Amino acid sequence: MKKVLFIIGGAVVAAGLVAAVVLFIHSGDDKGSKKGTTSSTSTTTTGSGSYKVVAACQAFGLADAKAVLGSGAAAGSGNGLSDSASGDVAVSTCSYSGAPGLTAQDTRTITLLSRSAKSAAGASSNKSVFGKDKPVGKQDVSGVGDAAFWDSTLSQLDVLKGNNWYIIGNMSGTHADSGTYDVSKAVYDRIKGRL
């Protein structure tokens, strides 16, 4: 899978980040599907466990982006617009770009995708990505969440924490730290208490 860039309102978004989750978004029963934004983090308890729905922009705010990207960081214009949910999972995305460079490739972007389990089926689907369904050739990372791996091709850190799957992608065209594990890990370290 190649990294594809879209320019949306001046913000560069990693399409590969979303594509990695598309295969799992319709896990289980889709009768409860709805489109819209998630305004906050919530916890639901069912007979089979406790599930925490995490809105990406609630977990990863502008202050966090500025700490990593610099004071010129700005929120992506599409934040929250593609958030969706089914009976088993809720998917939320939040993107920030640093101060614009001379070209779109010079602009640094960090995206958090949160795939929150809402049921046992959603939790099982999330966990399988770190087990039997783990993509081939990804580098395991220890000490991050309950399980994690680094995808150098897509420049993203995939983290399992509790029942939820988080993807922290980062990219730019010319910066020395473009697509590095250290940038994604720095974001994780700032927001892990909110996940």
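Author: The link of Cys-57 and Cys-94 is right-handed, with 100 degrees about the S-S bond. The model is a predicted one, in which local features need pLDDT of at least 70 and side-chain atom pairs count only at pLDDT 80 or more, while totals for chains, interfaces and linings use all residues. Residues are numbered from 1 along each chain as its sequence is written, and side-chain values use heavy atoms, with hydrogens and water left out.

A disulfide is taken as a pair of cysteine sulfur atoms within 2.5 Å; by this rule the count is 1. Between Cys-57 and Cys-94 the S to S distance is 2.1 Å. Cys-57 belongs to helix α2 and Cys-94 to strand β8, so the bond ties together parts 37 residues apart in sequence. (Helices, H or I of at least four residues, and strands, E of at least two, are DSSP runs numbered from the N terminus.)

Cys-57 is partly exposed at 31% relative accessibility, whereas Cys-94 is buried at 0%. Here buried means under 20% relative accessible area, exposed over 50%, and partly exposed in between, with a 1.4 Å probe and protein chains only.

Cys-94 is also among the residues that Ile-110 touches, as are Phe-60, Ser-95, Tyr-96 and Val-187, not counting residues up to four places away in sequence; contact means heavy atoms within 4.5 Å. In the largest nonpolar core, which has 25 residues, Ile-110 is one of the four that touch the most other members, with Phe-60, Leu-112 and Leu-157. Such a core is a set of buried Ala, Val, Leu, Ile, Met, Phe, Trp, Tyr and Cys residues joined through side-chain atoms within 4.5 Å. Both α2 (56-59) and β8 (89-97) supply at least two residues of this core, and α5 gives the most, with 4.
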